[in-house]
Amino acid sequence: MRELPRGGRRTLVTTIALVIVSFVLMTFDLRASGEGVGGTLRNGAQAMFSPVQGLLGRAIAPVIDVVDGMANLAGLREENALLRAELQEMRTRVARVDELESQVALLQQAQDLELDREDITRVTANVLGGSDPLDLSFSIDRGTADGVLVGNPVIDPGGNVVGVVTDVFEGGARVLPLVAPTEAVGVTVGAQTGVVTGSGNPNRMELEILEATGPLGDGDVVVTGNTTSYPAGLTVGTVVSAASPEAAYLATQVRPLADVTRLRVVIVLGWPLPGEPGVTASTTEGGTSGTHDTTDTTVSGG
Amino acid sequence: MILRSRILLALAAVLASVLIQTTVFRELRPLGVAPDLVILTVIAAARWLDPQPAVLLGFTGGIVIDLLGAQVLGLRALAYTVVAYLTVRLRDRMEVNVLTCGVILVGLVAVGVLIVGVVGTLVQEQTVTSTGFARALLLVPLYDLVLGIAVLPLMTRLLRLSEREKALL
């Protein structure tokens, strides 16, 4: 590398200063566990960007559908250019109608979803946007004003586990999906209990059973176990490949039933229920926020 | 005045890339990985800005992404600052030919992903140990190389000083 063209030393000093500032920010953010000044700044930024993200997201949704559609029509394109153009135009219209229909269907599905526990409140929310390639978390358009709290579980309209709310502000919240590498949940598969851990891959999760009593087969359904994080009995995914225990230890992969990269609508569950062990709520500057304590309790799902 | 307007243009481009990153590329994830448009825009802008504004732009882009994401605050800011600095140091070599430019671009993006992964792991984000990290380290630079075909010339058109502007300065 050659010398910097102008003010080389000054630029290096600036860079080092910014690197130090970054490390200081990281330290404060970690110590504050996402609260404090960092949390306030996050809430402010998300409140500022959410409306634009929402508008942009709605505007590009048909385009993305068309892009997907065009990929499927690659063969036909080669056969007839005229037919391709006509078909593309039709697909644009259809994609728009499909988009609206699927949105309505998702909202209807969310409305009709029946849970084992009818006393759990639900908040239906639109998914606004994600952040970057290594971060699978996303924003939703419901927040403290709608009763959403930090730690609330999030499911898709089909009732499958998506993740948990990690940040919340007045008009929106941030959801960290279960497929994120930092996430894990206690689950049951048949009569066996284990832990499902996110891998960072939206299509795969790791399942570990420490006291396995029998083999697992392809397609075995994995549901949430008795934890404070989620109501028991919510579907998480299906076992991808059959596996047998070795010295009572069993590990395999699970395909999540909720596709976090394609979600348009989610449901935030009011869980744990007020008064039940495992949840505390507090009022902050930005509104009401709630957190789970780490005590694990048994919660009936039926 | 000319320099200030170029910095504002670069900042607007980075903020636009943040919006596109957080909406379009939340859904468009070929093979499960999205391109990193923000780092690409920072690199493209740092080629033409003065060194200090270039580094500050990298930090700003990173901090905005940090604020909109769930990762620890300052992680992206650190990565993008370092990448912007390296871009300033290597930008003369990016002018040699298209191949060199592409290789350096891929390297810079890979360095950014690597910093996020390594520092993220140090602060318990566990990105390096996740199975998705290796794929991201491979695919994000390649995706950015493809996007760079459009983004680099666009930013050059926006930010490069014309002969008349150079004469004025």
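1. In this predicted model, strand 9 (residues 221-224) of chain A runs antiparallel to strand 10 (residues 235-239) of chain A, and three bridges join the two. Within that pairing, Val221(A) has Thr238(A) of strand 10 as its bridge partner. Strand 10 of chain A also pairs with strand 11 (residues 250-256) of chain A, again in the antiparallel sense and over three bridges, and here Gly237(A) stands opposite Pro256(A) of strand 11.

2. As to the interface, 56 residues of chain A are in contact with 62 residues of chain B, and the two chains bury about 5200 Å² between them, with 65% of that area on carbon and sulfur atoms.

3. The side of chain A that touches chain B draws at least two residues from each of helix 1 (8-31), helix 2 (36-72), strand 1 (122-132), strand 2 (135-140) and strand 5 (172-177) of chain A. Helix 1 of chain A provides the largest share, with 14 residues. By residue class, this side of chain A divides into 29 nonpolar, 16 polar and 11 charged residues.

4. Over all chains, a search of the whole structure finds five salt bridges. One of these joins the side chains of Asp29(A) and Arg42(A), at 3.3 Å from N to O. Because Asp29(A) lies in helix 1 of chain A and Arg42(A) in helix 2 of chain A, the pair ties together parts that are 13 residues apart in sequence. Asp29(A) counts as buried at 7% relative accessibility, and Arg42(A) likewise counts as buried, at 3%; both values fall under the 20% cut-off for that class.

5. Glu89(A), at 43% relative accessibility, counts as partly exposed.

6. In chain B, the side chains of Glu95(B) and Arg47(B) meet in a salt bridge, with 2.8 Å from N to O. Glu95(B) lies in the loop between helix 4 (75-94) and helix 5 (98-122) of chain B, and Arg47(B) in the loop between helix 2 (37-46) and helix 3 (51-68) of chain B, so the pair ties together parts that are 48 residues apart in sequence. The two partners fall into separate accessibility classes: Glu95(B) counts as partly exposed at 42% relative accessibility, whereas Arg47(B) is buried, with a relative accessible area of 10%.

7. A polar atom of the Asp36(B) side chain lies 3.2 Å from the backbone nitrogen of Ile39(B), and the side chain of Asp36(B) makes a polar contact, at 2.9 Å, with the side chain of Tyr80(B).

Methods. Residues numbered from 1 in each chain as written. Chains lettered and ligands numbered in written order. Predicted model: local features only at pLDDT ≥ 70, side-chain atom pairs only at ≥ 80, totals over all residues. Heavy atoms only, no water. Contact = heavy atoms within 4.5 Å. Buried area = accessible area lost by both parts, 1.4 Å probe. Helix = DSSP H or I, 4+ residues; strand = E, 2+ residues; numbered from the N terminus. Nonpolar A, V, L, I, M, F, W, Y, C, P; charged D, E, K, R; others polar. Salt bridge = Lys/Arg side-chain N within 4 Å of Asp/Glu carboxyl O. Buried < 20%, exposed > 50% of the residue type's maximum accessible area, 1.4 Å probe, protein only. Pairing = 2+ DSSP bridges. Polar contact = N/O pair within 3.5 Å; in protein donor to acceptor, adjacent residues only side chain to side chain.
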